Amino acid sequence: MCYAAPEVDFQVYTSSYAYNSENTHWEQTRTTLTYFENFTEAVFDIKFNEFIDLRIGASLLLPFTFEFPDNVRVFPIITSRIGNKDVSLRIGTLTGGHNLPATIRDPLMDMTPVVRSTNTNILIPDSTESYKYGDKMTHGYYEYGASVEWFKGGKGEVYMNWQMLHTERHRERFDVGLIHSFDFVSDIFTPYIALHYWHNGGHEYPLPAGTPAITENYVGGIGINSKWLTILYMASYNFVDRDNEGAVFGHGLYMRGTIPVKNWFEIEPLVFVSGWYLNHDHIFISVEGDPFFRMPFYAGINIKKGFQFDNGISLSFGFINGVFLTEDNEVGTRFDQTISLNFIYRIPVTKR
């Protein structure tokens with residue numbers, strides 16, 4: 001039996017970014033955040049044949065912030081993949097994102113690989129969040145689990161990832177997602193459906209008095225979702241404690257668009273209106289979603305500009321602006337700024 005030599009590439013990916021958040025009523029959304037960080041990943045991509053490949057390497061996160069200790073964090077990377085042009089199975093290190101909208105997944109989670117927890121340890125969004133380094137945490141840019149993707153009849157994925165063990169500072173959690181985009185229908189009016197299940201448990205450490213033993217959250221959206229247009233009906237079902245307390249249902253409508261202004265920049269208007277206005281018992285909860293969409297009403301207009309250069313270099317700017325109403329009908333504002341510089345450098349190790 002004859003085996004062909006594997007093809008090996010070495011790839012370096014670097015992302016340097018600044019993120020600044022300024023908003024009122026921040027205690028109901030998230031801790032004030034200011035990031036200046038560099039994230040560098042170096043991996044070997046080993047392709048054994050047209051069906052099987054392996055990625056192995058490591059990454060460094062260098063935080064330069066006033067809120068966090070200046071600790072360099074190291075993430076191991078190892079991913080096995082088997083598949084063809086129609087389907088792909090990955091096991092090991094996954095990259096986050098999963099084509100989920102901001103109401104289900106906080107965009108900041110893909111930028112910064114840290115764990116989010118609340119100061120009550122309940123891990124549902126009802127109190128100020130804290131972001132902490134120093135613990136063995138994985139959720140964020142990197143996830144560890146398994147993913148099946150398919151590219152026929154649209155583009156879809158089902159995945160499961162596990163957050164590291166229960167500790168004194170955060171609870172064990174894992175989440176499961178199912179996403180399917182019927183992108184062959186239209187580049188703009190793309191039918192879309194997504195479900196996201198999040199489980200928080202852990203029994204190894206005693207919990208604060210009154211903390212539920214288990215929290216679970218089901219959230220999803222159905223409608224239209226593409227780069228240019230999003231119109232989704234969102235719904236959530238949260239079990240604060242599935243044994244002792246009733247579940248909380250919530251729903252709302254999320255709309256977002258992308259409007260190019262010549263080649264200058266893009267304007268992104270967006271609105272989220274919660275079903276709380278129809279019934280105050282209906283509270284939309286997405287454990288991992290952008291916290292501003294936990295408010296009964298949020299409206300924003302973002303301005304973004306991206307530059308794509310040769311050799312895999314890209315530069316982007318963003319101004320994230322919005323207003324929201326709290327459940328006490330107080331008006332809050334949001335003014336965030338982002339800038340990021342990314343590049344990918346790929347070196348063939350073996351000859352083709």
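**Aromatic pairs**

I started with the rings and counted 17 aromatic pairs. My rule was that rings of Phe, Tyr and Trp (its six-membered ring) pair if their centres lie within 6.5 Å; planes under 30 degrees apart are stacked, over 60 edge-to-face, and the rest tilted.

I looked up F75 and Y142 from that count: they make a tilted pair, 5.7 Å centre to centre with 45° between the planes. This pair joins distant parts of the chain, as F75 lies in strand β4 (residues 73-83) and Y142 in strand β8 (residues 142-150), 67 residues apart. Strands here are DSSP runs (E, at least two residues), numbered from the N terminus.

For me, buried means under 20% relative accessible area, exposed over 50%, and partly exposed in between (1.4 Å probe, protein chains only).

Next I turned to F307 and F309, which count as stacked because their planes are at 10°, with ring centres 6.3 Å apart. F307 is partly exposed at 33%, and F309 is partly exposed at 42%.

I also noted one aromatic cluster, made up of Y254, F272, F284, F292, F293, Y298 and F324.

**A note on the model**

Please keep in mind that this is a predicted model: local features need pLDDT of at least 70, side-chain atom pairs count only at pLDDT 80 or more, and totals for chains, interfaces and linings use all residues. Residues are numbered from 1 along each chain as its sequence is written, and side-chain values use heavy atoms, leaving out hydrogens and water.

**Charges over rings**

Which ring does K305 sit over? I found its charged end over the ring of F307, 4.9 Å from the centre. K227 does likewise with W228, its charged end being 4.8 Å from the ring centre. The rule asks for NZ of Lys or CZ of Arg within 6 Å of the ring centre and within 35 degrees of the ring normal.

**T79**

Back in strand β4, I looked at T79, which is buried at 6%. Its side chain reaches the backbone oxygen of T93 at 2.5 Å. Leaving aside neighbours within four places in sequence, T79 is in contact (heavy atoms within 4.5 Å) with residues including D53, R55, R90 and T93.

**L278**

Last, I visited L278, in the loop between β16 (265-274) and β17 (297-308). L278 is exposed, at 75% relative accessibility.

Conventions
Helices (H or I, at least four residues) and strands (E, at least two) are DSSP runs, numbered from the N terminus. A polar contact is a pair of N or O atoms within 3.5 Å; within protein, one must be able to donate a hydrogen and the other to accept it, and residues adjacent in sequence count only if both atoms are side-chain atoms.
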